[in-house]
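Open the model in your viewer and keep the selection panel at hand. The stops below say what to select next and what is there.

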Amino acid sequence: MKIGILGGTGRMGRGLAASYARRGHAICLGSRSADQAGTVASGIEGEVRGGSLVDAARDSDLLVLAVPFGAAEETVRTLADVLADTIVVDITNPFGAITPGRIAAVEVHANAVPTARWVAAYKTTFWKTLDQPVNSAGVTRDVLVCCDDRQAGKTVMDLIASTGFHPVDCGSLENARVVDLMVPLMLELDERYHCECASGWNFLAAH
Ligand SMILES: NC(=O)c1ccc[n+]([C@@H]2O[C@H](COP(=O)([O-])OP(=O)(O)OC[C@H]3O[C@@H](n4cnc5c(N)ncnc54)[C@H](OP(=O)(O)O)[C@@H]3O)[C@@H](O)[C@H]2O)c1
């Protein structure tokens with residue numbers, strides 16, 4: 001697949017790019033500075049190039065939205081024309097910038113660009129763990145996924161599974177309101193239990 005990453009020079013963007021490139025996908029890191037993205041891309045193994053935000057969005061089969069929440073709505077509004085029918089994986093965490101529990105970050109962005117195919121994922125995945133899908137105790141890490149477009153969700157879950165993580169189908173985009181709220185608690189627990197940004201939420205299925 002051709003995968004674009006908006007905010008591809010960041011911690012999550014770089015980690016996801018490396019992980020996807022290892023599975024043979026062609027990656028474009030999108031940045032406000034194409035030069036900076038090119039420099040970052042040259043440090044990642046595989047078919048990884050850098051470009052502008054438009055470069056990353058155009059011609060991608062799948063796009064990851066990995067800019068800070070505060071910049072995300074404007075970023076996707078600016079790119080609205082090229083996002084139509086594109087699967088957009090929203091990984092942004094709002095951290096209380098919107099009324100907690102009343103609307104999810106992904107719903108804000110889906111309302112802004114309803115023609116894109118929105119999937120929320122990786123909200124509870126720390127950047128440091130992106131190259132450790134199995135933790136030190138041998139437990140495969142879950143990635144929580146919310147979507148209304150089931151076909152888009154399946155594509156994203158298959159991609160997540162291909163990188164060694166366990167995708168958990170959390171249902172509708174509306175359920176991402178709950179996932180957004182799980183993140184600040186995860187940060188608090190991570191600090192209390194001295195996990196150094198290596199913790200996460202796992203669902204124990206009853207089988
Ligand atoms: N850190 C985590 O463990 C983690 C886990 C799950 C989800 N998330 C979410 O993932 C997203 C990225 O987090 P991160 O930790 O990777 O952040 P980061 O390291 O700060 O990277 C964010 C990237 O976004 C771009 N950016 C910054 N301000 C921007 C703006 N005003 N407009 C457009 N692009 C801008 C920057 O790229 P350029 O300067 O090259 O344009 C930067 O490299 C956030 O929404 C965060 O909530 C983070």
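Select E5, H6 and E6: together they form a right-handed β-α-β unit. Right-handed here means that, with the strands pointing away from the viewer, the path from the first strand over the helix to the second runs clockwise. The element names follow DSSP runs, numbered from the N terminus, with helices being H or I runs of at least four residues and strands being E runs of at least two. The model is a predicted one, in which local features need pLDDT of at least 70 and side-chain atom pairs count only at pLDDT 80 or more, while totals for chains, interfaces and linings use all residues. Residues are numbered from 1 along each chain as its sequence is written.

**The pair E5 and E6**

Keep strand E5 (residues 87-90) and strand E6 (residues 117-120) on screen; they pair in the parallel sense over four bridges. Strands count as paired if DSSP finds at least two bridges between them. Step along the pair: Ile87 has Arg117 as its bridge partner in E6, Val89 has Val119, and Asp90 stands opposite Ala120.

Leu63 stands opposite Val88 in E5.

**The whole sheet**

Select all the strands of this sheet. In what order do the eight strands lie? The order is E3-E2-E1-E4-E5-E6-E7-E8, in an open sheet with mixed pairing. Strand E3 (48-52) and strand E8 (166-169) are the edge strands, each pairing on one side only. From one strand to the next, the twist averages 25 degrees.

Next show H1, which packs on the sheet and touches strand E1 (2-6), strand E2 (26-31), E3 and strand E4 (62-65). The direction of H1 makes about 165 degrees with that of E2. Such angles run from 0 to 180 degrees between N-to-C directions, with axes being lines fitted to C-alpha atoms, for helices over the stretch in contact.

Pick Ala18 in helix H1. Ala18 is partly exposed because 18 other C-beta atoms lie within 10 Å. Leaving aside neighbours within four places in sequence, Ala18 is in contact with Ile44 and Asp131; contact means C-beta atoms, placed from the backbone, within 7 Å.

Then go to Val82 in helix H5 (residues 80-83). Val82 has 19 C-beta neighbours inside 10 Å and so counts as partly exposed. With neighbours within four places in sequence left out, the contacts of Val82 are Val54, Ala57 and Arg58. Draw a C-alpha to C-alpha distance from Val82 to Ala116: they are 34 residues apart in sequence and 9.0 Å apart in space.

**The ligand shell**

Select the 24 residues around the ligand; Gly7, Gly10, Ser31, Ala71 and Asn93 come nearest. A residue is near a molecule if its C-beta atom, placed from the backbone, lies within 6 Å of it. Helix H1 (11-22) and helix H4 (69-78) each supply at least two residues of this shell. The shell divides into ten nonpolar, eleven polar and three charged residues. Ala, Val, Leu, Ile, Met, Phe, Trp, Tyr, Cys and Pro count as nonpolar, Asp, Glu, Lys and Arg as charged, and the others, Gly among them, as polar.

**Two backbone angles**

Most residues other than glycine have a negative phi. Select Phe95, in the loop between E5 and helix H6 (105-112): its phi is positive, about 45 degrees. Phe95 counts as partly exposed, with 15 C-beta neighbours inside 10 Å.

End at His194, in the segment after helix H8 (176-192). His194 has a positive phi of about 55 degrees. With 8 C-beta neighbours inside 10 Å, His194 counts as exposed.

Note on methods: Contact = placed C-beta atoms within 7 Å. Buried ≥ 20, exposed ≤ 12 C-beta atoms within 10 Å, placed from the backbone.
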